[in-house]
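Here are some exercises to work through with the model open beside you. Try each task before reading its solution.

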Amino acid sequence: PPSTPNRTPGCARWPGGSGRPGPPQLDARRVNQYTLTLRAACPGEDEIEERLFVQVTLGQVLRCDTPFTSAGGDVVQVLADVAPRTPLYAVLLQPLGGLMVSGNSPGACCLQKREQPRRQLRNHDTPLTLTRRGLVLAPDNGFDPSKVTQTFRLEIEVMDRHGHNCSGAVTVEVLPSRRPRVTFPEPHWSVTVSEGIGPWEVVTHVHASGENVRYTILAPMAHTLFTIDEVTGEIRSTRRLEVARASLLIQAYNALHSTDHATAMVNVTVQGRDHWAPRCVPAIFVSQVPETVSPGSTLVTLRCTDSTGTDECLHYALEGPPTSRSHFFMEGPRLKVNTTLDYDSEAMATMGFQFTATIVVTAGEQPPWSTRVPVLVTVTPVNEFRPACPNSATFTVPETAAFGSVVGRVAGTDRDYPLDSLEYSLEGESSPAQPFSIDSRTGEIRVMGRLDSQQQKSYRLVVRLTDTHNDLDLAKRHSHLCDVFVRLQAVPDQVPVCTPEVQELRITAGSPGSQQPVTRLACHSSPDGATLTYTIVGGNEDGCFRLERNTIVYLPSDQVKPCTFVLLVEVWGSSGAHRRSTVVALVVHVTPWSTLVPPSTTTQHTTLQKELLVFMRTEVVWHPPAWFVAVLTISGTLLLATLGCMARRLLCREQDQGLMSALCSSHRSRDPGKLFLGKSSWDVVEQSGGKEEQGHPHANSQVGEMGTRPPGQWLSAASISGTGRDYLFNSVTGARRWI
């Protein structure tokens, strides 16, 4: 029987390569073997029947699709908003053998196995692209959505390497986009609101259909009363509104396609009102609520009235954080507790143990008026739980533990917030029967007395745990008793070791009534840090020595003779009945403080180890700094110079006074030939009877020069008989001056 020709998707070829339909062809993919029955008969003879088997094998065949190779070509319809470079049509999806695809459009190319493709461009008026694999792609920038319809025709030739070819055409029809355009349901509408609307309150809401819609106010460009939300289309007030009228031109547009837009006019009228928002009592609610308040309890009941004086048309709603709305709810005008308020949780601590919310009371009027009542609820603690003892409270301490050593810590717990806020105390005071104490804040147990495992191997302590700061009422506190066991660990006694064990000391006694340290014993025991006990067991019959811990102190007396003491000091480290101790011997030579010790030439030889004693004597010496010495020297020099000048001035003044006395006496006596001297002594004075003094012919010119003479020159005064004139005599130069 005849077979139906195989028709591959997008590509088919009929015999002859003419591109026209022909007789059916063999297709090995569909039928690879045919069985033919042949019958032959001659006249008068029997009919002969034979079979012929025909096998069909694959070969290099090129087939193209009928629509592609038809006269009109294949047609593809796409939307205008298809993405750039989207595959629109496939000429050969899976070519058989080596094929070449060539086209006559820009970007058309050829496909050929193992051969370079050939391109044949015939028309250049299409933005479509033909790839090497035979795919027709949309333009790189996509189609222009503004055009209503667009048609592009692409003529394509397909050729294999054997020269077989088929040609066809593809027509791409670009249809308008099915995307909805941005439109307003109404081109304009009016809104009326009452005055008194506060800033940033919603006045109205506009809505436009479409995709990726955004809103903006076109006119007026910068409005002083209103603004619009770009995404939601809510028109809000920018300040408190008064009576006014405004027209707003609103544009809605597609954020991805700016050419897709629509406009509408909104008229807003702000009119006066005679109504007011509901009035509520209390206007603010602040309260403290214990954490044990049961769900469903009423915290406050609002008493609100509207402008008509009634509360029949009021609506109550709770706004605030999700945590507040989950813990409280409104039932009419009543604020109630929704869930348990657990103070002892970390979530409550992060909120500061406070809830904030707002009750919105709205009146059912047109337009509606609302009042907001702020709410602040503080959760207070309640001491609900008792302290709990630790799981294990047994400690071990060596019997040689020092005073104040830490034995262990009692870690009690308490579930009330703040967690584990406890005080610790021991039942009973510290005593030999209970040589321990506990820190009230940390719970640390410390050693406060002597421990002896031979007397008592363990102690049972009763610790009281008391919670603190877990309730608003500080008097509400819970306590719990816990048993704590302290076991003593026996430590083998060790003989204390002292270095040296024998000492010979010499001291000079101080004044009676004083205390004079002699030496300090250097002893230690094992384990290190154990407390040692010292006592004088011999040689202190007179009571001249005493012990201050490990220091020997001498108490001077009134004795005047040197004396020697041999002291025996016992040292032990434990207080048990079988204590082990060591004895230190001290030979102390005491010299009285008022007795002089004569020099001795006797040398003592001993094999005992002696302790080196260092006596320190402090001498106070003042060494002034160099600047102080320099200042002191200069100051002394200036002082001496000042005193010398003053003394000289005094001597000169006394000399001048004596000279003046002599002159006065000369004028009174006027005795010729008699010389009047002052307080100074003179050796030679001459008298001249009328002879003028050499070098001074004018006597009157010299009068009054005595008061201006230089010191040490005019040393004597005299009167010449017969002349009635006085003069001064200079003993250095021999000159004379008339007075």
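**Exercise 1.** How many of the 10 residues of strand 40 (residues 563-572) are buried?

*Solution.* A word on the source first: this is a predicted model, where local features need pLDDT of at least 70 and side-chain atom pairs count only at pLDDT 80 or more, while totals for chains, interfaces and linings use all residues. Residues are numbered from 1 along each chain as its sequence is written, and side-chain values use heavy atoms, with hydrogens and water left out.

Step 1: recall that buried means under 20% relative accessible area, exposed over 50%, and partly exposed in between (1.4 Å probe, protein chains only). Strands (E, at least two residues) and helices (H or I, at least four) are DSSP runs numbered from the N terminus.
Step 2: count along the strand; 7 residues of strand 40 are buried, leaving it mostly covered.

**Exercise 2.** Find which strands pair with strand 40, among them strand 37 and strand 41.

*Solution.* Step 1: apply the criterion that DSSP finds at least two bridges between two paired strands.
Step 1: on strand 37 (residues 533-538), 5 bridges link to strand 40 in the antiparallel sense; here Thr 535 has Glu 570 as its bridge partner.
Step 2: turn to strand 41 (residues 581-591), also antiparallel to strand 40, with 10 bridges. Leu 567 faces Leu 586 of strand 41.

**Exercise 3.** Which residues touch the most other members of the largest nonpolar core?

*Solution.* Step 1: define the core as buried Ala, Val, Leu, Ile, Met, Phe, Trp, Tyr and Cys residues joined through side-chain atoms within 4.5 Å.
Step 1: among its 27 residues, the answer is Phe 328, Leu 335, Leu 341, Ile 359 and Val 361.
Step 2: look for the main contributor; strand 24 (354-363) gives the most, with 5 residues.
Step 3: take Leu 335 and skip neighbours within four places in sequence; its contacts (heavy atoms within 4.5 Å) include Phe 285, Leu 318, Phe 328, Ile 359 and Val 375.

**Exercise 4.** What kind of aromatic pair do Tyr 343 and Tyr 417 form?

*Solution.* Step 1: rings of Phe, Tyr and Trp (its six-membered ring) pair if their centres lie within 6.5 Å; planes under 30 degrees apart are stacked, over 60 edge-to-face, and the rest tilted.
Step 1: with 6.0 Å centre to centre and 75° between the planes, this pair is edge-to-face.
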